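Me: I would like to learn how to read a model like this one, feature by feature. Could we take it slowly, with the general idea ahead of each case?

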Amino acid sequence: MATVVRLTRMGRKKKPFYRVVVTDSRKRRDGGWIESLGIYDPTTNPATIKVNKDRLEYWKGVGAKMSERVATLTK
């Protein structure tokens, strides 16, 4: 199974926030996920980013790829 760390959209219309999740790469953006690693809220000033670094390193260690956006946010 090809796993990927990416964002899934939550919230309501025009007030989005995102969860950083590990999911199967073949699923849709908001489909089911394996594990939630944190949140990203772009509506606050400054944007809120909370990610469990230990679990992120674990998933990268077992071969999960990161989306461009998640890689940028977790630098």
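Me: Let's begin with Glu35. Is Glu35 buried or exposed?

Reply: Happy to start there! The general idea is to ask how much of a residue's area stays accessible, and to call the residue buried when the relative value is under 20%. Glu35 has 18%, so Glu35 counts as buried. Keep in mind that this is a predicted model.

Me: Which residue does Glu35 form a salt bridge with?

Reply: Here is the general idea: side chains of opposite charge can pair when their charged atoms come close. In this structure Glu35 pairs with Arg55, and their closest N and O atoms are 2.9 Å apart. The two residues sit in distant parts of the chain, with Glu35 in strand β3 (residues 35-41) and Arg55 in helix α1 (residues 53-61), 20 residues apart. Arg55 is partly exposed, at a relative accessible area of 29%.

Me: How many salt bridges does the structure hold?

Reply: The structure holds three. Another of them joins the side chains of Asp24 and Arg26, also a salt bridge, at 2.9 Å from N to O.

Me: Let's turn to the nonpolar side. Which residues have the most contacts inside the largest nonpolar core?

Reply: The largest core here has 13 residues, and Val5, Leu7, Val20 and Leu37 have the most contacts inside it. At least two core residues come from each of β1 (3-12), β2 (15-24), β3, α1 and α2 (68-73). Strand β2 gives the largest share, three residues.

Me: Which residues does Val20 touch?

Reply: Leaving aside residues up to four places away in sequence, the contacts of Val20 include Val5, Leu7, Leu37, Ile39, Val51 and Val70. Glu35, where we began, is also among the residues that Val20 touches.

Me: In what order do the elements run from the N terminus?

Reply: The order is β-β-β-β-α-β-α, and the totals are two helices and five strands.

Me: Finally, how does the radius of gyration of the chain relate to that of a compact globule?

Reply: The general idea is to set the chain beside the value for a compact globule of its length. With 75 residues that value would be near 11 Å, and the chain has 12 Å, which agrees. The C-alpha trace spans about 35 × 25 × 20 Å along its principal axes. Buried residues make up 35% of the 75, and the accessible surface comes to about 5300 Å², 49% of it belonging to carbon and sulfur atoms.

Note on methods. Residues are numbered from 1 along each chain as its sequence is written. This is a predicted model: local features need pLDDT of at least 70, side-chain atom pairs count only at pLDDT 80 or more; totals for chains, interfaces and linings use all residues. Side-chain values use heavy atoms; hydrogens and water are left out. A salt bridge is a side-chain nitrogen of Lys or Arg within 4 Å of a carboxyl oxygen of Asp or Glu. Helices (H or I, at least four residues) and strands (E, at least two) are DSSP runs, numbered from the N terminus. Buried means under 20% relative accessible area, exposed over 50%, partly exposed in between (1.4 Å probe, protein chains only). A nonpolar core is a set of buried Ala, Val, Leu, Ile, Met, Phe, Trp, Tyr and Cys residues joined through side-chain atoms within 4.5 Å. Contact means heavy atoms within 4.5 Å. The radius of gyration is taken over C-alpha atoms; the globule rule is 2.2 Å times the number of residues to the power 0.38. Accessible areas come from the Shrake-Rupley method with a 1.4 Å probe; for residues, only the protein chains shown count as cover.
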